[in-house]
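User: Could you walk me through this structure step by step? I am new to reading protein models.

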Amino acid sequence: MGTSRDPFPGPQAPGGDPLLATRFSLPVVPGTYVRRPRLTERLAQGVRGPLTLVAGAAGAGKTLLVADWARTAGAADRTAWLTVEPEDHAPGVFWTYVLAALRAHGLTAPAGPGNPGGTGRPGASGGPGDPRGHDGIGTPVRPGEVDRSLLARLAARLSDGAGPLVLVLDEFDRVAGCAELADELQFVLRHSGGGLRLIVVSRTEPLLPLHRYRAAGEVTDIRGADLAFRPDETAALLDRHGMTLSGAGIHALTERTGGWAAGLRLCVLAAQRAEDPETFLKEFEAGRSTLADYLLAEVLDAQPRATQELLLRCSVLERIHPDLADALTGRRDAATVLAGLQRANAFLDATGHSWYRLHPLFAEILRVHLRVREPGREPELHRTAAHRLAEAGLLAEALPHAAAAGDWAFAAGLLVEDLGIARLLTGLDAERLDTLFARMPPDVPGPAADLVRAARDLGRHDADRGLAELYRAAAALHREGAPASDALRLSCALLRVLAARTTGAADLAETAALEAEAARLALAPERLAAHPELPALILGNLGSAQLWAGRLDAARATLTAAAEADDTPSTAYLRHDCLGRLAFADILRGRPGPARAHARRALDEAEGAGLPPGSCAPAPRLVLAAVAVERDELGVAHGHLEQAAASASTTPHDPVVAAGLVLLRARLRLAEGAPEAALAELEGLEKPSPALEPSPWVREHAALTGCAAHLAAGRPEAALRVFEERPPGTVASRTALARAHLACGSPRAALDLLDELPGVGGEGPAITVRTLLTRAAAADALGDTVTAQRLVSRALRLARPDRLRRPLLEAGPWLRRLLRAAPHLTRGHTWLPAAFAARPAPAAPAGGAPPTVVEALSEREREVLQRLAQLLSTEEIAADLYLSVNTVKTHLKSVYRKLGASRRGEAVRRARDLHLL
């Protein structure tokens, strides 16, 4: 074509069209753009190798990421940018544009003979006499092809350059399916000798041999998951738009949009016009917004009609499998279509094993569009999905679809027949299932629906409603023509055990547990193996009913068996709760050592299972508070009690915990010297639920605390009257009544009561120490000092391992007098309260100034110091505090430093001088 007749005097593509300069321009980065160093660093790393692939869905922020990097990384002069267009399928057109972009950014002929100075003018050509142009490469002549020798000259020229050039091919997905272009790109890239760094920005993967580059570690992949905004980056985007949200709001927005850049920006722009952006974004209807317009135009409308139908119908699914998609669409090619959509980054991600997941925002918009395009279709799709997923054994995914279809009878039957009733009560799925079935109407018929309603009510300790539903289910089972399935029988028996726990009926619990075991053994072992929570739940509920009924030995055996259930996530809470109740049984027996060990083990179980603090059972903290009261560590007791009360707020009707909280608060008030407040606390026990059977230990401990409160207030006659209505039968009650007789001046009556006690009753040291001290007080009152001293000596030895200070403090002034008169009794008992210590008052240091502590001791350091004063070894301290020996040594070093001491004895003396012991 002659220049004189050419209407376009500048560079041209084959065929005569002018080269469009806008295609070589770096896109403009808006001022609200959020630079993300984690991604720009990946790009900087990527251009050290031959190939970088930035692939993601429409609006993922691919182009702006690379454009911002090119402008800010100091590489703009050596970075050639080309925005690919559909007509670039023609190799001649494509390479003409590539050459023009490279020539504008450093692709010049080397200076030398025959080419002095070189030139880099885009599209330069030497005319007909020199088809290779001034740089020795040339330009394609025909649109549909490119001479292979031209590509060889380009590769050779790149390999001879002063440094590598970076070529960015943006929107490469427009030609990504062209195998010829991919082969030519691969040829130039492979033979350029490191002179070319290629960045491909695309919605789909190019046909380059990526597997070879990946195997050689020569490709950097930045995919959709990398491009997704993280919560801190969402916060930065909001800030750029002058908007702030709470942390929860930021996380919710990021999760709802899946971190999709365009979706976030459109949401933020829409929220800027709202008076309350946070509420607006929470209630934002994505299906009726510019977001919907964007996605429907960019993604859905770009697909064939049949593919659009597949996407719309599959939008009801949380996860998509080709077989499930075929069932919803009536077709057989879903596997091919889904794989193609995933490769095209059409907001569909592969999750492994042929499963896919739609982008959450895209799925939300598709569902709205489905309701418009196919009204009334959605329930039918959910019903089909529920049945197909159930057939595949995917209960967790089938249930929400059955609920969405309104087929509650099917959902309840599915849960019960799959032995899932226990998972409604415990385990990782309990909250989700409870929320799901909370929507079930109350009139759904059938025994399975009755059992589900009963489980939800009994799980909340609503005995009245739960029992009514349970009776209805049992009646329905007997009315059915066919015999009830083993799963229905087992579920019914399990809930009867739970009902017995809720009402405190131990006999009913034991009978129902036997029925449940019989039904369980009738089931196939492989079905039971998938549900380790079933035996653990039955035993846990049975043990709790036995505990309430005061059958402590039986409760301990049952709860121990439950705590040894299979170590799986579904049994984690059950093991934790049963260990806490086992500790509760120990404390009722007066055994603070085992109680503390079981409570600590329960907390370790919760921590190991990752249970949130707010969902932990209250019993372990309740027991630790009770142990702290016995040790007279009242500050520690308050801390554990507060945590127990907070945990108990989630299950306010648990009778064991509710009664335990009241009794412990009363004990703590009494220990603090407030007997009237203790009696006021006990009033909370006077009106139990009518459905709840009375508990013998609750009555007993209320009487024990009431008696002690009246004695502390100087009302011995009132203390005696506490036992008038119910004569004492246990060792603890007889001991308390004997103390009341002593306070009334009747030591002989006290001894007569104590002499009637059985020889062995299984009582622990917290009970036995009180009995010994009461007998010693009676002996002292009768003038038998030798017997009194012998009994006190036994009591101190028994109290020492658990440091039971509270029984000593409650004993009365006679004990202080006796110990002052016989100081040898306290020898070796450095754990005793200061009031009982037979040692002179500490002398002030030289100069008259009291010693000072350099820095306050932590609570844990005080605990270590207390055991140090009791002459325990480092190993014994570690075992007592459930710490490692190295941790104890670290605490000891800190204690020595803070007290300015270098040895154990010196640290103990300094601590006593400072009244820290």
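This is a predicted model: local features need pLDDT of at least 70, side-chain atom pairs count only at pLDDT 80 or more; totals for chains, interfaces and linings use all residues.

User: Which residue in β3 is the bridge partner of Leu82?

Analyst: Start with the two strands: β2 pairs with strand β3 (residues 165–170) in the parallel sense, over 5 bridges. Within this pairing, the partner of Leu82 on β3 is Leu169.

User: Now for helix pairs. Are α17 and α18 roughly parallel or roughly antiparallel to each other?

Analyst: Look at the axes of helix α17 (residues 377–391) and helix α18 (residues 395–404), which come within 8 Å and cross at roughly 155°. An angle over 145 degrees counts as roughly antiparallel. The two helices, α17 and α18, are therefore roughly antiparallel.

User: How many residues of the contact of α17 with α18 are nonpolar?

Analyst: On the α17 side the contact is made by His382, Ala385, Ala386, Leu389 and Ala390, and on the α18 side by Glu397, Ala398, His401, Ala402 and Ala404. Of these residues, 2 are polar and 1 is charged. The nonpolar ones number 7.

User: How are α38 and α41 arranged: roughly parallel or roughly perpendicular?

Analyst: Helix α38 (residues 765–781) and helix α41 (residues 813–821) have axes that come within 10 Å and cross at roughly 75°. Angles of 65 to 115 degrees count as roughly perpendicular. So α38 and α41 are roughly perpendicular.

User: And which residues in α41 meet α38?

Analyst: From α38 come Leu773, Ala776, Ala777 and Asp780. The contact of α38 with α41 has 6 nonpolar residues, no polar and 1 charged. On the α41 side, the residues are Trp814, Leu815 and Leu818.

User: What about α26 and α32: which residues of α32 make the contact?

Analyst: Helix α26 (residues 533–548) packs against helix α32 (residues 655–671) at about 40°, with their axes 10 Å apart. That angle makes α26 oblique to α32. Ser544, Leu547 and Trp548 are the residues from α26, while α32 brings Pro655, Val656 and Ala659.

User: Last one: with which side chain does the side chain of Glu605 make a polar contact?

Analyst: Glu605 belongs to helix α29 (residues 592–609). Leaving aside neighbours within four places in sequence, Glu605 is in contact with Asp567, Ala572, Arg575, His576 and Leu579. The polar contact, at 2.5 Å, joins the side chain of Glu605 to that of Arg575.

How values were computed: Residues are numbered from 1 along each chain as its sequence is written. Side-chain values use heavy atoms; hydrogens and water are left out. Helices (H or I, at least four residues) and strands (E, at least two) are DSSP runs, numbered from the N terminus. A polar contact is a pair of N or O atoms within 3.5 Å; within protein, one must be able to donate a hydrogen and the other to accept it, and residues adjacent in sequence count only if both atoms are side-chain atoms. Contact means heavy atoms within 4.5 Å. Two strands pair if DSSP finds at least two bridges between them. Axes are lines fitted to C-alpha atoms, for helices over the stretch in contact, and angles run from 0 to 180 degrees between N-to-C directions. Angles under 35 degrees count as roughly parallel, over 145 as roughly antiparallel, 65 to 115 as roughly perpendicular and the rest as oblique. Ala, Val, Leu, Ile, Met, Phe, Trp, Tyr, Cys and Pro count as nonpolar, Asp, Glu, Lys and Arg as charged, and the others, Gly among them, as polar.
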